[in-house]
Protein chains: 2
Amino acid sequence: MEYPTSFLRSELVKKGIRPTYQRLKILELLHKKDTHPTAEEIYQILSPEIPALVKATIYNTLHTFVEAGLVRVVNINENELRYDSTIANHGHFKCKSCGAIFNFEINIDGMPFNGLNDFEIVEKNVYFIGFCPQCLNNQPKSIKKEKNGK
Amino acid sequence: MEYPTSFLRSELVKKGIRPTYQRLKILELLHKKDTHPTAEEIYQILSPEIPALVKATIYNTLHTFVEAGLVRVVNINENELRYDSTIANHGHFKCKSCGAIFNFEINIDGMPFNGLNDFEIVEKNVYFIGFCPQCLNNQPKSIKKEKNGK
DNA sequence: GTTCCTGCAAAAGCTTTGCAGAAGA
DNA sequence: TCTTCTGCAAAGCTTTTGCAGGAAC
């Protein structure tokens, strides 16, 4: 998928966020990468292109985006925050071996549940944990014993 | 629910974990409290009872429990790790206002999904975010505008 | 020109690690 | 007695904050 600058720019302007170069690049990356990068990963990817870029800016930018509802924080085990720009109904699958996060289709709103009668539900999330096909192929014997991908 | 020391003790011994006083207290707390306390909260609760207790011990103990499969890490938005001793099939609901986490019934294994054909699924999780009845009653007008409970 | 953002550096917060003494087997 | 755990202190990471110069409007 391609995201022209004009599209990204209007996405920001619509929310009252100044479309600076850094913000456009970070938003573009979040749209392109579907692996839900961490702040650190965003830094690693954009740093060569924007040498002056600093992590504080990435953190500030991500906060701005989250507050505006442009991206969502995905947070699956481990102590790390990942960011997701797809707000549609989907589940997240995290590979215990390589740590990658995949989207998959699931009708979250169709799931029956009990015990939240007087609660107001704002957001529903589903996440699975296991092993991705690539990791299963690479180490079919030992993979089950691995603790995590760190 | 009451958890006699002998029960807790055997739970640990079964997993090959030495049933020290600190570990028994932490495990007991995780069973009693269904709000999925953080390491910090565990420290706050047990500190008066065990003045010498130190956070490093709590972190180490929680790691030990997680590795043994006695407790699970629950991790819903925000940058904090919570621990859950109930391993059965249930969802977690996090209140945006007070930050408390509630369990609710949901048949996770019954949910249909697509796009994970060659994946090996080890664990399935569901979490909802919204407002709990208590917070809805306390501030029925302003609650929707609140960002989070921090 | 004014407002707001970025980069930089320093601080803050949470978690981990190394080690000596204490507790458990 | 031997092994393993706890408490303590220090280190390590990630994230946040304050401020001056710079970019956006």
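Author: Helix H4 of chain A gives the most to the surface near DNA strand D, with four residues. Helices here are DSSP runs of H or I with at least four residues, strands are runs of E with at least two, and both are numbered from the N terminus. The model is predicted, so local features need pLDDT of at least 70 and side-chain atom pairs count only at pLDDT 80 or more, while totals for chains, interfaces and linings use all residues. Residues are numbered from 1 along each chain as its sequence is written, chains are lettered from A and ligands numbered from 1 in the order in which they are written, and side-chain values use heavy atoms, with hydrogens and water left out.

In total, 16 residues surround DNA strand D, and the closest are A:Tyr59, A:His63, B:Thr20, B:Gln22 and B:Thr57. A residue is near a strand if one of its heavy atoms lies within 4 Å of it. Of the atoms of DNA strand D that come within 4 Å of the protein, 78% belong to sugar and phosphate.

A:His63 places a polar side-chain atom 2.9 Å from a phosphate oxygen of DNA strand D. By residue class, the surface near DNA strand D has seven nonpolar, six polar and three charged residues. Nonpolar covers Ala, Val, Leu, Ile, Met, Phe, Trp, Tyr, Cys and Pro, charged covers Asp, Glu, Lys and Arg, and the others, Gly among them, are polar.

For DNA strand C, H4 of chain B gives the most to the nearby surface, with four residues. Sugar or phosphate holds 77% of the atoms of DNA strand C within 4 Å of the protein, and bases hold the rest. An N or O atom in the side chain of A:Thr20 is 2.7 Å from a phosphate oxygen of DNA strand C. A:Arg18 has a polar side-chain atom 3.2 Å from a sugar or linking oxygen of DNA strand C.

A:Thr57 lies in helix H4 (residues 55-68) of chain A. With a relative accessible area of 30%, A:Thr57 is partly exposed, where buried means under 20%, exposed over 50% and partly exposed in between (1.4 Å probe, protein chains only). The C-alpha atom of A:Thr57 is separated by 19 Å from that of A:Lys15, 42 residues apart along the chain.

Chain A as a whole has five helices and six strands, in the order α-α-α-α-β-β-β-β-β-β-α from the N terminus. Of the 150 residues in chain A, 45% are buried.

Key. Polar contact = N/O pair within 3.5 Å; in protein donor to acceptor, adjacent residues only side chain to side chain.
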